[in-house]
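Subject: Structure handover and notes

Hello,

Here is the structure you are taking over. My notes follow it.

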Amino acid sequence: MSHQWNRWEPTRDGQQHTRMSADERNPAAVAQPVEDAQGDGRWMSQHTRFVLECKDGEPEVLFVGDSMIQLMQQFEMWRELFSPLHALNFGIGGDTTCNVLWRLQNGELENIRPNVVVLWVGTNNYQHTAEQVAGGILAIAQLLTSCLPKAKIVVLGLLPRGERPNPLRVKNAAVNEFLRSWLPRLGRAQFLDVGRDFVHSDGTIVPQDMFDFLHLTPLGYRKVAKPLSYLLHQMLDETPEERRASLV
């Protein structure tokens, strides 16, 4: 029998946003660094670089997440659409909700005050249920709203994956449904579904959009960037008075 996330309990540190029961924490909402299995300190080095960027950067938009965020900056659409927004990219390939939560709690939000944060993470949470993954994403969103009280949060929906229908597609779709239901309760967080144009009528995903049926090609990123860019410009074009009113 699957657990239902029927208790919504935000906390100041973001670690315990939802619970399956009064005494059972969501494992996808427990902050953890990545174990240095290769021994080269690569993940921690990236985190340290992001913390240093916070000291000098004044981003309007902060992008946070896993490889789907990290790889964005390798393509022309990043330079064309997002660099002009003074964007910082804090994406690390392979990260789960636990890893992103740890990074944000350990320096990656210090000294910066972005107007908007774009969060995209969760597809690497293989060991967690859909309810747990959604709860972990909510925990990060709660932390962001607590640490950045004037920022708006855009949570991107998880994309379908795999060439043909498979259990991970079903799981990611379920995560998105939980997020649609839960995110409005945060007030300043908004869900954006960017995965509608990837599955064809026969149920397949093509390599022209996802070269390995998970990561995006330049064409695939264009499909994501178009609605995201439109939403970001809407948010950033608000007058200070409109922005204050929307935060009340």
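Against which elements do the buried residues of α4 pack? They pack against α1, β4 (61–65), β5, β6 and α5. The buried residues in question are Thr97, Cys98, Asn99, Val100, Leu101, Trp102, Arg103 and Leu104. Eight of the nine residues of α4 are buried, so the rest of the structure largely encloses this helix. After α4 comes glycine 107, with a positive phi near 115 degrees.

Please keep in mind that this is a predicted model. The mean pLDDT of the chain is 89, and 86% of its residues reach 70 or more. Two stretches need caution. Residues 1–23 have a pLDDT below 50, and in the model this stretch has 59 contacts beyond near neighbours in sequence. Residues 242–248 also have a pLDDT below 50, with nine contacts beyond near neighbours in sequence. Where pLDDT is low, the predicted coordinates should not be read in detail.

Overall contents

The chain has eight helices and eight strands. Of its 248 residues, 53% are buried. Taking contacts between residues at least 6 apart in sequence, 76% join residues at least 24 apart.

The sheet

Five strands form an open sheet with parallel pairing, in the order β5-β4-β6-β7-β8. At the edges are β5 (87–91) and β8 (189–192), each of which pairs on one side only. From one strand to the next the twist averages 20 degrees.

Strand β6 (residues 116–120) pairs with strand β7 (residues 152–156) in the parallel sense, over four bridges. Within this pair, valine 118 stands opposite valine 154 in β7. Helix α5 (residues 130–147) packs on the sheet and touches β6 and β7. The direction of α5 makes about 165 degrees with that of β6.

How many of the residues of β7 are buried? Five of its five residues are, and the strand is mostly covered. Lys152, Val154 and Leu156 point one way from β7, while Ile153 and Val155 point the other way. The burial holds for both sets, the lysine included.

Is alanine 189 buried or exposed? Its relative accessibility is 10%, under the 20% cut-off, and therefore alanine 189 counts as buried. Not counting residues up to four places away in sequence, alanine 189 touches Ile153 and Leu183. Alanine 189 and valine 118 are 71 residues apart in sequence, and their C-alpha atoms are 9.8 Å apart in space.

Helix α1

Helix α1 (residues 42–56) has 15 residues. From its first C-alpha to its last it reaches 22 Å, close to the 21 Å expected at 1.5 Å a residue. Its buried residues are Trp43, Gln46, His47, Phe50, Val51 and Cys54. Why do they lie on the same side of α1? They lie there because they cover an arc of only 140 degrees around the axis. An α-helix has 3.6 residues a turn, so residues three or four places apart point the same way.

The buried residues of α1 pack against α2 (67–70), β5 and α4 (97–105). On the face of α1 turned away from its buried side are the exposed residues Lys55 and Asp56.

Backbone points to check

Histidine 86 has a phi of about 55 degrees and lies in the loop between α3 (76–82) and β5. Phenylalanine 213 has a phi of about 65 degrees, and its place is in the loop between β8 and α7 (218–236).

Regards

Terms used:
Residues numbered from 1 in each chain as written. Predicted model: local features only at pLDDT ≥ 70, side-chain atom pairs only at ≥ 80, totals over all residues. Heavy atoms only, no water. Pairing = 2+ DSSP bridges. Helix = DSSP H or I, 4+ residues; strand = E, 2+ residues; numbered from the N terminus. Axes fitted to C-alpha atoms, helices over the stretch in contact; angles between N-to-C directions. Contact = heavy atoms within 4.5 Å. pLDDT = per-residue confidence, 0-100. Expected span 1.5 Å × (residues − 1). Buried < 20%, exposed > 50% of the residue type's maximum accessible area, 1.4 Å probe, protein only. Arc of directions from axis to C-beta.
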